[in-house]
Amino acid sequence: MALIPLLAIAAIASQLEVAEERVHFLQYGLLGVLVVATGRHPGWRQWLVILAFVCAVGAIDELIQWGLPNRVGDWRDVAFNCTAGLLGTALGALLFWLKPQRPGSNSTIS
């Protein structure tokens, strides 16, 4: 069941033309799923904090690249990392935070 978000992210990443973009999409999508999996109290506030964290990691990654002589940082990559993180956190929230209702689980019989 936990492989479903990774397979969905991999399917989207496989459609990208640039190999580095595929790898980054997988990385940040998986990061979003894994960070959501650690959450204990699901809700919009926590989801937004997780999304901000994933975007901050992507932005810091690009800032580091601007300082390296053989690398180039790009704002487009920051947006791309955040998009992959958004997808990963959304898939993770669907997988880990939404519990399916079982028939008869809302019964009031003690």
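Of the 110 residues of the chain, 32% count as buried.

Colleague: What kind of model is this, and how are its residues numbered?

Modeller: The model is predicted, so local features need pLDDT of at least 70 and side-chain atom pairs count only at pLDDT 80 or more, while totals for chains, interfaces and linings use all residues. Residues are numbered from 1 along each chain as its sequence is written, and side-chain values use heavy atoms, with hydrogens and water left out.

Colleague: What makes up the secondary structure of the chain?

Modeller: The chain has 4 helices and 0 strands, and from the N terminus on its elements run α-α-α-α. Helices (H or I, at least four residues) and strands (E, at least two) are DSSP runs, numbered from the N terminus.

Colleague: Why is Trp 47 called buried?

Modeller: Buried means under 20% relative accessible area, exposed over 50%, and partly exposed in between, with a 1.4 Å probe and protein chains only. Trp 47 has 14% relative accessibility, so Trp 47 counts as buried. Trp 44 has a relative accessible area of 68%, so Trp 44 is exposed.

Colleague: Why are Trp 44 and Trp 47 called an edge-to-face pair?

Modeller: Rings of Phe, Tyr and Trp (its six-membered ring) pair if their centres lie within 6.5 Å; planes under 30 degrees apart count as stacked, over 60 as edge-to-face and the rest as tilted. A search of the whole structure finds 3 aromatic pairs. One of them joins Phe 25 and Phe 80, with ring centres 5.5 Å apart and planes at 55°, so that pair is tilted. For Trp 44 and Trp 47 the values are 5.6 Å centre to centre and 90° between the planes, so the pair is edge-to-face. These two Trp residues are 3 residues apart in helix α3 (residues 44-67), separated by about one helical turn.

Colleague: What does the pair of Phe 25 and Phe 80 tie together?

Modeller: Phe 25 lies in helix α2 and Phe 80 in helix α4, so the pair ties together parts that are 55 residues apart in sequence. Both Phe 25 and Phe 80 are buried.

Colleague: How do you know that the buried residues of α1 are on the same side?

Modeller: In α1 (residues 3-13), Pro 5, Ile 9 and Ala 13 are buried. They cover an arc of only 75° around the axis, which puts them on the same side of α1; the arc is that of the directions from the helix axis to the C-beta atoms. The face turned away from the buried side carries the exposed residues Leu 3, Ile 4 and Leu 7.

Colleague: Which helices do the buried residues of α1 pack against?

Modeller: They pack against α2 (19-37) and α4 (75-96). Leu 91, in helix α4, is in contact (heavy atoms within 4.5 Å) with Pro 5, Ala 8 and Ile 9, leaving aside its neighbours within four places in sequence.

Colleague: What lines the largest pocket, by class?

Modeller: The lining has 3 nonpolar, 3 polar and 6 charged residues. Ala, Val, Leu, Ile, Met, Phe, Trp, Tyr, Cys and Pro count as nonpolar, Asp, Glu, Lys and Arg as charged, and the others, Gly among them, as polar.
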